[in-house]
Amino acid sequence: MKYDRVFNFSAGPAMMPEPVLEEIASEVLNYRGTGMSVMEMSHRSKAFQSIYDEAVADLKKLMNVPDNYKIIFVQGGGTTQFAMVPLNLMKNGKACYVETGAWSKKAIAEAKKYGEVKIVASSADKNFSYVPDCSDLDIPEDADYVYICENETIHGTTFNKLPNTKGKILVSDQSSMFLSRPCNVEDYGLIWAGVQKNVGPAGMAVVIIREDLLTDDVPAFCPTYLNYKIHADKDSMYNTPNTWAIYCCGKVFKYLLSLGGLEEVEKMNQAKAKVLYDFLDSSKLFKGSVVKEDRSLMNVPFVTGSDEEDAAVVAATKAAGMDNLKGHRSVGGLRASIYNSMPIEGVQALVDFLKDYEANK
């Protein structure tokens, strides 16, 4: 059966691969002869344990996760992670943050509740249109970790070179670029990602954490649920996990492996982004908002220079079967999120539309 589907450029919740959605649909009433949906299934059942184990194993394979790292699934998404990171890792009460946009700013504000935050680099001076130089950061000896938002969803920048943390733990919010390209996990102490961008339905984050960071000396006021070690020790089942999201993520992990892994996924994403950025670089009406060397492959903000024109373009694209191109409310303009599941045909359709719109101005 064919369904009427739009090209969904939402920043999240975002598109999922159609083959994955079709497989999920085929199992939604009766998962592999169990007589029930995964949504109805006990997280303690053998059937769900198999779903969970396969999801963890496939993610390990996709990212080449070393044996001394734990993968955990935590409810609450990114906002929960903003608190969990300092609550678990701020042992000396001091951490360094790189400020590159809206989401790193939110992480900074939350971390300040639990200790001293030093902003060691910022791109606020140019409205977060670039990634600051992080090759020689002023990192205090007693800093517990260095935190980055590796891809800023709203402002459309990405780190193409990781900061020199001078031996300190690197923590990265990879939400909007998770599984979009190969990643050397050993470069990080902790990676977390809200899954609603590139992996699955909203309501959960994946955390990949080095085992030596899972300690008992978290603050006494740390809520039990916000303790990484609690989740790691119980294999993400301290309480009832988001079973549906884990199931869906597992399907996506298998799908990405079937494409050839993250090396092939990155090639696809580079090809898609080139189509859109080449157009923006040649257009007289539409302009990208980010310096070329720091452009995200996932989130592409652009403007016409007029709020009224931006709004008109958003309305026209929606009428043409392309949805969620309005820029984030904090920055305005337009934004195309072209995650793994956005086909290149969708990006080409957008570019064709924008070319036609400009030609008829």
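A residue counts as buried when its relative accessible area is under 20%. The legends below describe close-up views of a predicted model.

**View 1. Leu226, a buried loop residue.** Leu226 lies in the loop that connects β10 to α5 (228-233). Its relative accessibility is 15%, and Leu226 is therefore classed as buried. Apart from neighbours within four places in sequence, the residues in contact with Leu226 are Thr80, Met84, Leu87 and Asn88. Leu354, in contrast, is 128 residues from Leu226 in sequence and 45 Å from Leu226 in space, C-alpha to C-alpha.

View 2. Asn198 is part of the loop between β9 (190-194) and β10 (204-210). Asn198 counts as buried because its relative accessibility is 3%, and buried means under 20%. A polar atom of the Asn198 side chain lies 3.0 Å from the backbone oxygen of Phe178. The side chain of Asn198 also reaches the backbone nitrogen of Asn340, at 2.9 Å. When residues up to four places away in sequence are not counted, Asn198 touches Ser176, Met177, Phe178, Ser180, Val252, Met298, Tyr339 and Asn340.

View 3. Strands of a sheet pair through backbone hydrogen bonds, either parallel or antiparallel. In this sheet, seven strands follow the order β2-β10-β9-β8-β5-β3-β4, and their pairing is mixed. At the edges are β2 (69-75) and β4 (116-122), each of which pairs on one side only. From one strand to the next, the twist averages 20°. Helix α4 (residues 102-111) packs on this sheet and touches β3, β4, β5 and β8 (169-173). The direction of α4 makes about 160° with that of β3.

**View 4. Strand β5 and its two partners.** Strand β3 (residues 94-99) and strand β5 (residues 145-149) run parallel and are joined by two bridges. Cys96 has Val146 of β5 as its bridge partner, and Tyr97 has Tyr147 of β5. Strand β5 also pairs with β8, in the parallel sense, over five bridges. Within that pairing, Val171 of β8 is the bridge partner of Tyr147.

**View 5. The two faces of β5.** To which sides of β5 do its residues point, and are they buried or exposed? Tyr145, Tyr147 and Cys149 point one way, while Val146 and Ile148 point the other way, and all are buried. Because five of the five residues of β5 are buried, this strand is largely enclosed by the rest of the structure.

**View 6. The crossing of helices α1 and α6.** The axes of helix α1 (residues 18-27) and helix α6 (residues 243-258) come within 10 Å and cross at roughly 135°. This angle makes α1 oblique to α6. The crossing of the two helices is right-handed. On the α1 side, the contact is made by Pro19, Val20, Glu23, Ile24 and Glu27. On the α6 side, the contact is made by Trp244, Tyr247, Cys248, Lys251, Val252 and Tyr255.

**View 7. The crossing of helices α8 and α9.** At what angle do the axes of helix α8 and helix α9 cross? The axes of α8 (residues 307-319) and α9 (residues 344-359) cross at roughly 130° and come within 11 Å. The angle makes α8 oblique to α9. The crossing in which α8 passes α9 is right-handed. Glu309, Ala312, Val313, Ala316 and Thr317 of α8 meet Leu350, Phe353, Leu354 and Tyr357 of α9.

View 8. Strand β12 (residues 299-303) and β14 run antiparallel and are joined by four bridges. Pro301 has Arg335 of β14 as its bridge partner.

Note on methods:
Residues are numbered from 1 along each chain as its sequence is written. This is a predicted model: local features need pLDDT of at least 70, side-chain atom pairs count only at pLDDT 80 or more; totals for chains, interfaces and linings use all residues. Side-chain values use heavy atoms; hydrogens and water are left out. Buried means under 20% relative accessible area, exposed over 50%, partly exposed in between (1.4 Å probe, protein chains only). A polar contact is a pair of N or O atoms within 3.5 Å; within protein, one must be able to donate a hydrogen and the other to accept it, and residues adjacent in sequence count only if both atoms are side-chain atoms. Contact means heavy atoms within 4.5 Å. Two strands pair if DSSP finds at least two bridges between them. Axes are lines fitted to C-alpha atoms, for helices over the stretch in contact, and angles run from 0 to 180 degrees between N-to-C directions. Angles under 35 degrees count as roughly parallel, over 145 as roughly antiparallel, 65 to 115 as roughly perpendicular and the rest as oblique. A crossing is left-handed if the near helix is turned anticlockwise from the far one by less than a right angle, and right-handed if clockwise.
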